[in-house]
Amino acid sequence: MPRINNAGNLLILLVGAIAFLAPLFAGIWYARDNAISQQREYLQSTASSVLARALQIGEQHRAVVEQLSAFIDAPCSDSALRAMRISALSYRYIQSALYIRDGQVLCSSIDVHDPPFLLGGAPGRNLQGTRAWAGITLPWAPQAQPLLIAQADTGFGVALDADEVFFGIDPTQFGVVVFERVESGTQRLAEFGHLVPNQALADEISGRTSGAFVAGDLVGHFDSDFNDFTLGAIVVTPANTVNAGLWGQLLRVFPFTLFGSVVVFLLVTRLLSRRRSISKDLQMAIRQHEFYLDYQPILDIETQRCIGAEALLRWRRNGEVIAPDIFIPLAESNGVMTLLTDEVFRLAARDMSKVMQDSEDFYLSINLSGHDLTVPGLTERLRHMLEAFGLAGDRFMLEVTESSFVDNEHSRELIREVRRLGFKVAIDDFGTGFSNFAYLQRYEFDFLKLDRLFVETISVDDVRSNLVFHLIELAEKLNVQVIAEGVEESEQAVKLLEKGVSRAQGWLYGRPCRARRFIRDFCKPAAPLTV
C-alpha cells in the first residue's frame with residue numbers, strides 16, 4: 001500500500017508540475033511574440049522615418065533645381081551664383097548648389113571653379129533622369145564629409161548631406177541603406193551603421209514596395225516611395241537583438257505568469273488529491289461497512305401482494321446520509337464502482353438470502369452501472385453472488401439504464417450471457433431518452449421500468465397520459481413487461497392496471513426501508529391493500 005500511495009503522490013506532483021509550467025511557457029511565448037512584434041514595428045518605423053527624410057531631401061533638390069532653371073543660359077553668372085547661395089541657405093539638407101557639365105563642377109554657391117572640379121566615377125541615372133554621385137568629398141565642404149551629388153537634366157544640381165537622414169539611430173545595433181532605383185539596378189545614396197546590408201540584398205529586395213524580411217542572421221524591413229518608387233530605405237538588425245526585448249517583456253509578464261502558475265498548480269493538485277481522497281474514502285467506507293441497503297417493495301397491482309424489492313445502496317458517514325446521485329458518479333469516475341457493486345451483492349445476500357429461500361417467487365432487483373457493463377468478469381461475479389444466495393438466477397432482475405450501453409455489440413452479448421444464467425434484465429428510467437424504442441428492439445430485455453416523470457402525468461395531463469399509454473402498448477407488442485415507478489396515487493394505479501401494467505413501485509405502496517423493517521412489513525401474509 002505505501003508503494004501505491006507513493007506512486008499516487010508522484011503522479012499528482014508530476015501533473016501539478018506540468019500544470020505549473022504551462023502558464024510559464026505560455027508567458028514566455030507571449031513575451032517572445034511581443035518582443036518580435038515590437039522589433040518589427042521598430043524596424044518598420046525606422047525604415048519609414050529614414051525614407052521620409054530621404055524624400056524630403058529629394059523635394060529640396062527638385063525645388064533648388066527648379067529655381068535655378070531660370071539661369072540655364074548663364075549658369076555661372078553673378079545672378080546665378082547669388083541664386084545658388086540663397087538656395088543653399090534656404091534648405092536644411094542642401095550644402096551647396098552646383099552647375100555640372102560633363103562630370104565637372106564649373107561653379108557652385110561658393111564660387112566659379114577654375115579649373116573645374118572633377119567629380120569622377122560613372123554617375124547613375126535614376127528612372128526620372130536624375131544623375132547622382134554618392135560619397136563625393138568636395139574640398140570646400142565643412143569637415144570634408146562625403147556628400148551626395150544630384151544633377152538634373154538642366155545641369156544644375158545640389159550637394160546633399162545624406163547622413164542627416166539617420167539622426168537618432170544607434171549605429172551599433174542597426175544598419176541602414178538609402179538607395180535609388182536606377183536604369184542598371186540600384187544605387188546606394190547613403191548608408192549608416194555597422195551592419196550595412198550588402199549590394200546583393202539591396203538588389204534582391206528592391207523590387208518590392210515594402211515589407212519585413214530575413215537574411216541569414218539579420219532581420220529587417222524595407223520601405224519605398226509610393227509615389228514614383230525610385231527611393232527606398234532598408235533597415236536591418238541582428239536577429240538575436242530580439243532577446244533584449246524579450247527580457248524586458250519577460251520581466252513585465254513574469255509576475256502574472258508566476259501567479260497564474262501557482263494558482264493552476266494549487267487547483268490541479270487539489271482536484272487530483274480530492275479525487276484520490278474520494279477514491280480512498282470510498283474504499284475505506286467499504287472496509288468499515290458504512291454502506292447499507294434500503295429495499296423498496298414491488299407489488300402486483302391487482303393482488304396487492306409484494307412480489308419483489310429493489311435494492312438501493314446508501315452511504316452513511318459520521319451520521320450523515322450521502323445521496324447516491326453524489327457518490328455513484330464519483331465511484332464511477334474514480335474506478336471504485338466495481339467494489340461498490342460487489343458490496344451490494346454482499347449486503348443483499350446477507351439481508352435477503354433467507355427470506356428469498358423461504359419464498360417461491362419473491363425476486364430481488366439490483367442496479368448495475370455503466371462501469372459494471374464495461375469491466376470484464378461481470379458474469380463470474382454474478383455466479384459468485386448466486387452461490388452466496390444459494391438461489392438460481394431467475395430470482396433476480398438486473399436493472400440497467402440506456403446510457404450504460406457504450407459498445408452495442410459487447411452490450412448485446414453481455415445481456416445474452418446474463419440471461420443464460422437465468423437473470424431477468426430490465427431497462428431503467430424508460431422514456432427519458434431519445435432512442436428507447438430502438439433499444440427495446442435491439443436488446444433482449446424482459447422488463448422496462450416506466451420512469452416516474454411519466455407516471456405522475458397519468459392523472460393530471462391527458463395529452464401526456466396518452467403518450468404513456470402508447471409506450472405501454474409498444475412494450476406489450478414487443479413482449480416486454482412494464483413496471484411502473486413512482487406510483488403515488490390510487491388513480492394512477494387503477495389506470496395502469498386498466499392498460500395492462502401489473503407491477504408497480506412507489507410511495508403508494510411503501511417507501512424504501514432497511515431489511516428488517518421490509519421483512520416485517522412486506523414478507524409476511526397480510527390483508528390486501530385497497531386501491
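These are short notes on a predicted model of a protein, from overall figures down to two residues.

1. Overall make-up. The protein has 531 residues. Its secondary structure comprises 14 helices and 21 strands.

2. Burial and surface. Buried residues make up 47% of the protein. The accessible surface is about 27,400 Å². Carbon and sulfur atoms supply 55% of that surface.

3. Asp 351, setting. Asp 351 sits in helix α6, which covers residues 337-358. Is Asp 351 buried or exposed? Its relative accessibility is 16%, so Asp 351 counts as buried; the cut-off for that class is under 20%.

4. Asp 351, partners. Which side chain makes a polar contact with the side chain of Asp 351? That of Tyr 295, at 2.8 Å.

5. Ala 141, setting. Ala 141 lies in a loop. The loop runs between β5 (131-136) and β6 (147-151). Ala 141 counts as buried because its relative accessibility is 10%, against a limit of under 20%.

6. Ala 141, a distance to check. Asp 161 is 20 residues from Ala 141 along the chain. The C-alpha atoms of Ala 141 and Asp 161 are 10.0 Å apart.

Notes. Residues are numbered from 1 along each chain as its sequence is written. This is a predicted model: local features need pLDDT of at least 70, side-chain atom pairs count only at pLDDT 80 or more; totals for chains, interfaces and linings use all residues. Side-chain values use heavy atoms; hydrogens and water are left out. Helices (H or I, at least four residues) and strands (E, at least two) are DSSP runs, numbered from the N terminus. Buried means under 20% relative accessible area, exposed over 50%, partly exposed in between (1.4 Å probe, protein chains only). A polar contact is a pair of N or O atoms within 3.5 Å; within protein, one must be able to donate a hydrogen and the other to accept it, and residues adjacent in sequence count only if both atoms are side-chain atoms. Accessible areas come from the Shrake-Rupley method with a 1.4 Å probe; for residues, only the protein chains shown count as cover.
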